[in-house]
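The stops below go from one selection to the next.

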Amino acid sequence: MEKNQLAINTIKISGVAAVNEANSGHPGIVLGAATIMHTLFTKHLVFDPKNPKFINRDRFVLSAGHGSALLYSQLRLLGLISTEDLKQFRKYKSLTPGHPEFGLTSGVEATTGPLGQGIAMGIGLAIAEESLRARFNEINHFTYILCGDGDLQEGVAMESMSFAGKQKLEKLIVIHDSNDVQLDTEVSKTFNENLEKRMEAIN
């Protein structure tokens, strides 16, 4: 099997296994976005797992924090958490809580939980990068945000994205895992905004 596909399959299997072991969690995003996660961390992110606090690293924020098993599976492949840590998913005092927590798990850049919050957190990180880059030539990194359909239905997400457009943040990349699925039903039954045109409108 080709190496990249093996890594993607490993993310899927280990993430779903963690959800099953905990009897709690969200396997859908693990299966649906594993390719995105692998591609980001292997082809795009400037990130060294041997020095995960390197100041000029790219930042990755999983806004869809309920899909934390996806992020933890990637962190396991990078050696930042162990297989045993992944088996402790959603257990008390583990390094793999139900939603990612900054300061607890190496490789987690922001605490994300309520939908839309991670977009705002990521935009805050991008603003910090822009401010530091204006003062220090050494600072020059990207902030990547992975969000789901539910994130983009929240006011806090759209308000912060409007602000990001106004500030013309050039080092911010938001990836929308669009699959027409939300917790209760299909997105198309509850939401009909043209997100592409909205993003164009807010710059």
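This is a predicted model: local features need pLDDT of at least 70, side-chain atom pairs count only at pLDDT 80 or more; totals for chains, interfaces and linings use all residues.

Begin by selecting helix 1 and helix 2, whose axes come within 9 Å and cross at roughly 140 degrees. That angle makes helix 1 oblique to helix 2, given that only angles over 145 degrees count as roughly antiparallel. The crossing of helix 1 and helix 2 is right-handed.

Show side chains for the contact. On helix 1, pick Asn-4, Ala-7, Ile-8, Ile-11, Lys-12, Gly-15, Val-16 and Val-19. On helix 2, their partners are Pro-27, Val-30, Leu-31, Ala-34, Thr-35, His-38 and Lys-43. Coloured by class, this contact of helix 1 with helix 2 shows nine nonpolar, four polar and two charged residues.

From helix 1, select Ala-7, Thr-10, Ile-11, Ser-14, Gly-15 and Val-19. They meet Ala-69, Leu-70, Ser-73, Gln-74, Arg-76 and Leu-77 in helix 3. The residues of this contact of helix 1 with helix 3 are six nonpolar, five polar and one charged.

How do the axes of helix 2 and helix 3 cross? They come within 9 Å of each other, at roughly 40 degrees, which makes helix 2 oblique to helix 3. The crossing of helix 2 and helix 3 is right-handed. Select Ile-29, Val-30, Ala-33, Ala-34, Met-37, His-38 and Phe-41 on helix 2. Facing them on helix 3 are Ala-69, Leu-70, Leu-71, Gln-74 and Leu-78. By class, the contact of helix 2 with helix 3 holds 10 nonpolar and two polar residues, with no charged ones.

Three of them form an open sheet in the order 1-2-3, with parallel pairing. Colour strand 1 (59-62) and strand 3 (172-177) as the edges, since each is an edge strand that pairs on one side only. From one strand to the next, the twist averages 15 degrees.

Zoom in on strand 2 (residues 143-148) and strand 3. They run parallel and are joined by six bridges.

Which residue forms a salt bridge with Arg-57? Select Glu-109: the closest N and O atoms of the pair are 2.7 Å apart. Arg-57 lies in the loop between helix 2 (27-44) and strand 1, and Glu-109 in the loop between helix 4 (83-87) and helix 5 (117-135), so the pair ties together parts that are 52 residues apart in sequence. A search of the whole structure finds six salt bridges.

For the last stop, go to Gln-182. Gln-182 sits in the loop between strand 3 and helix 7 (195-201). Draw a distance from the C-alpha of Gln-182 to that of Gly-150: it is 6.0 Å, although the two are 32 residues apart in sequence. Then show the contacts of Gln-182. Leaving out residues up to four places away in sequence, Gln-182 touches Gln-153, Val-187 and Thr-190.

Key: Residues are numbered from 1 along each chain as its sequence is written. Side-chain values use heavy atoms; hydrogens and water are left out. Contact means heavy atoms within 4.5 Å. Helices (H or I, at least four residues) and strands (E, at least two) are DSSP runs, numbered from the N terminus. Ala, Val, Leu, Ile, Met, Phe, Trp, Tyr, Cys and Pro count as nonpolar, Asp, Glu, Lys and Arg as charged, and the others, Gly among them, as polar. Two strands pair if DSSP finds at least two bridges between them. Axes are lines fitted to C-alpha atoms, for helices over the stretch in contact, and angles run from 0 to 180 degrees between N-to-C directions. A salt bridge is a side-chain nitrogen of Lys or Arg within 4 Å of a carboxyl oxygen of Asp or Glu. Angles under 35 degrees count as roughly parallel, over 145 as roughly antiparallel, 65 to 115 as roughly perpendicular and the rest as oblique. A crossing is left-handed if the near helix is turned anticlockwise from the far one by less than a right angle, and right-handed if clockwise.
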